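User: Hi! I've got a structure open and would like to talk it through with you. Could you help me find my way around?

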Amino acid sequence: MDSLTHVALGACIGEAFFEKGFGKKAMLWGMLAQSIPDIDFLAGFWMSTPETLLAHRGFTHSILFGLLIVPLFALVADRVHRPHNITFRKWLYFFAAEVFVHLFIDAFNNYGIGWFEPFSHHRFSFNTIYVADAFFSIWPGIACCMLIILNRFHLQRAFWWKFGIFLPALYLCYCSFNKLMIDHSVKQQFTEQQISHERYFTTPAPLQNWLWFVVAGNDQGYNVGYQSVFGKEKPIHFEFFPRNDSLLQSAPQDDDLQRLIRFSQQYYTVEKWHDTLVFNDLRFGQEIGWYDPKQKFVFHYYLDFPTKNDLVVQRGRFEGWNKDVVYSLWEKIKGD
């Protein structure tokens, strides 16, 4: 999830644990604890872009990190707020809830998360919800604002923390149901259209959960298309993108290239744009692929110009968006 969502959700969880007067202080602790795994952004100041891609949601999003940071937070909070009547066990439960909720919900989008770092580099990714989905984030955001505004003894505070926790949880369950339906539908279409593949994934297109991005293929290349939950019986139009591994022979054979391949989880293609060699990670979708199926992929890394890749994950995410593109997104969502 995005950082603001973690902050708002952390505040709501803090209020849930410590009502009746202490809640606003706990909200601040919750905001901090819910945000602490994202401290890995600091790696970007001294690492190369491929190193940073693997560092983000790596060790600081691991179970081991959670087990180490939770008692540290509990010790600091217990000391800062003395004298108090809060047991150390309650501090532990509170900070464990904050940190592990962060690690849990981050696994639901397409970036991936290293729960078992540093013992295993496998990234877990459920591909269930877009990283910035307003239909998930708006509820804890509203609740957090209300909890800040209301007096710390106000009777409605219990309503608002429940509002900020349970509604996004229900929406996440709804997204998971959509995921199951889409996966069932696309598997049928692979059979009907005779789409040969060794691996595939489905993930929501930008900003919503009703239009899904579908990628299926093997080391030769990938078929890419879109499927709506409201039109899952209709055939998917697939566009084929060759993998072009042979082009990598002219690329710098360094550790950064191997990191990009590892980060992509094998979902990559290589292209030649004029005199520039480009590495695409397909997991992050296309710029406006539902409008133009031949559009370039959002994640494109210039292999020949490594210093020009600072915003590689979301490069050009909204490039080319206009009234016609938004209308076509709406039509695709409707299943037309």
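User: Which residues of H4 are buried?
Analyst: In H4, the buried residues are Phe65, Gly66, Ile69, Val70, Phe73, Ala74, Ala77 and Asp78. Buried means under 20% relative accessible area, with exposed over 50% and partly exposed in between (1.4 Å probe, protein chains only). Helices (H or I, at least four residues) and strands (E, at least two) are DSSP runs, numbered from the N terminus.

User: Thanks! Before we go on, what sort of model is this?
Analyst: This is a predicted model: local features need pLDDT of at least 70, side-chain atom pairs count only at pLDDT 80 or more, and totals for chains, interfaces and linings use all residues. Residues are numbered from 1 along each chain as its sequence is written, and side-chain values use heavy atoms, with hydrogens and water left out.

User: What do the buried residues of H4 pack against?
Analyst: They pack against helix H2 (23-35) and helix H5 (88-106). Contact here means heavy atoms within 4.5 Å.

User: On to the sheet. In what order do the strands come?
Analyst: The order is E1-E2-E3-E4, four strands in an open sheet with antiparallel pairing. Two strands pair if DSSP finds at least two bridges between them. Strand E1 (199-204) and strand E4 (239-242) are at the edges with a single partner strand each, so one side of each has no neighbour in the sheet.

User: How many bridges link E3 and E4?
Analyst: Four bridges, in the antiparallel sense. Val224 has Glu239 in E4 as its bridge partner.

User: Now salt bridges. How many are there in the whole structure?
Analyst: A search finds 13. A salt bridge is a side-chain nitrogen of Lys or Arg within 4 Å of a carboxyl oxygen of Asp or Glu. One of them joins Lys179 and Asp183, with the closest N and O atoms 4.0 Å apart. Both residues lie in helix H7, four residues apart, about one turn of the helix.

User: Are Lys179 and Asp183 buried or exposed?
Analyst: Lys179 and Asp183 are both buried. Asp281 and Arg283, another salt-bridged pair at 2.9 Å, N to O, are both buried too.

User: And what does Lys334 pair with?
Analyst: Lys334 forms a salt bridge with Glu331, at 3.1 Å between the closest N and O atoms. Lys334 is partly exposed, with a relative accessible area of 35%, while Glu331 counts as buried at 19% relative accessibility. Elsewhere, salt bridges that share partners join Glu198, Arg199, Asp219, Arg243 and Asp245 into one network.
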